[in-house]
Amino acid sequence: ISCSTARAGPTTQGARASRIRRSRRPNASLMMRTIALCCALASGCEGMALARPAARVARTGARAVVTGRASAVRMVATRNELSAFAKKHSVASFDMDALVSKTGNADPTARSTKIVATLGPASFDEAMIRKLVEAGVNIFRLNSSHRRGGQFEALVPTIRKVSAELGKKVELLGDLQGPKFRCANVASEPMMLAAGATVKMALQTSEDETCADGRIVLAHTKEQDAMVRGLTVGMSVLLDDGAMKMRVSKRNSPDEIECVVEVGGGLKSRKGINVPDLQIDCSALTAKDIDDATFLLTQDLDYIALSFVQKGSDIQELIDLMDAQGVPKNNRPLIIPKIEKPAALRNIDEILALADGLMVARGDLGVELGLERVPFFQKVLIAKANKAGKFAITATQMLESMIGAETPTRAEVADVANAVFDGTDAVMLSGESAVGVNPPEAVRMMGRTIVEAELHAEMVRPSI
């Protein structure tokens, strides 16, 4: 067998002589092509394909790929030599016609992945709750951040009544707000923060003090006191969900620091503050959380979510509260910590050891960690929950555009499907079902996406 590759080039006698001299030297690329072709012919040309990529030679344990300038021979090992993962993902294993022709179950409720729907102004009434259950909601989320007196007391029996009448099991998740940091009111909105400027951030000297004249103030609470006093030089401070960024440059007193503005903007009243570099020395349960949890634990909930968890002891505090309330150990809601801080990622193993699952809370996690880092850590967190046999919920902006539209974007649909491929046990709707224009359609859209994703999920796992 002889192999040669036609080359374009000058036809002068010198050039020809040069090529002759080169041809007398051992040619590694030529030798590899010859060997590969011999192997392919000896095996009945099984697995041989032709292509025209750039000249290079690549070899791996079970596969040899040989390419030339104008032609190439590709040899793929027989399927018996491939690993289990490689067998599942080899191109030859895909019957594209069958895949395209195959369709999912038309019933968007026929799935194993659960849908969590947040209740809000668009979905508080009994008629809408009924429509949502019929559309396929498995879990209703009661968001304590917006709890009003008597509201949950009316919602819980309504959900139980609708669930019984429709003969569908519907679970309840109570979501505790956790320690949230916010600036005080701004005297004249917006207070402009120019990049490069130095501003002060301090605890209020009086209850009516407002943010003004390059000074950002926070009300005295146990949590906000701990945050301001814990910041050190070099730490970053994010304002308004990361829209503005500052860095601590100096400490003036225990209650006041100075910061240099790195990303400027206009600050408005009661905007959120994030401090991603700081593991705050305070409880995960605020006074409001204890009050909300005390009520929720009387409602026979299935899950209780804990916000801004940082470490395992935060979970223990909620367990201690259940003990103090005398909630029977065999009838307690599953504890679902919301992973939204870098500290929680660092301490995830001790958190999972005490918790019953986790929520990939991508909102604040994206602010504190960086949006571009969230997809990878979503996969890590779900994989850890799966390995530990714990319940995983993926949340935040899954079908966000359906707050104001009847259909989602393609990217949002892909996001829901990818969460299913990652192995999540549930996906969550927030504003889409709480204040959206058509909450039942958001549920049906999510259900159809899950059904289609589950149809192919085993083809793309494991993902990590």
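Trainee: What should I know before reading the values?

Mentor: The model is predicted, so local features need pLDDT of at least 70 and side-chain atom pairs count only at pLDDT 80 or more, while totals for chains, interfaces and linings use all residues. Residues are numbered from 1 along each chain as its sequence is written, and side-chain values use heavy atoms, with hydrogens and water left out.

Trainee: How many helices and strands are there in the chain?

Mentor: Helices (H or I, at least four residues) and strands (E, at least two) are DSSP runs, numbered from the N terminus. Here the chain has 16 helices and 20 strands.

Trainee: Is strand β19 buried or exposed?

Mentor: Buried means under 20% relative accessible area, exposed over 50%, and partly exposed in between (1.4 Å probe, protein chains only). In β19 (residues 391-395), 5 of the 5 residues are buried, so the strand is largely enclosed by the rest of the structure. Phe-391, Ile-393 and Ala-395 are buried on one side, and Ala-392 and Thr-394 on the other. For the chain, 45% of the 464 residues count as buried.

Trainee: Which strand pairs with β19 over 5 bridges?

Mentor: Two strands pair if DSSP finds at least two bridges between them. Strand β18 (residues 357-361) pairs with β19 in the parallel sense over 5 bridges, and Met-359 stands opposite Ile-393. Strand β20 (residues 426-429) also pairs with β19 in the parallel sense, over 2 bridges; there, Ala-426 is the bridge partner of Ile-393.
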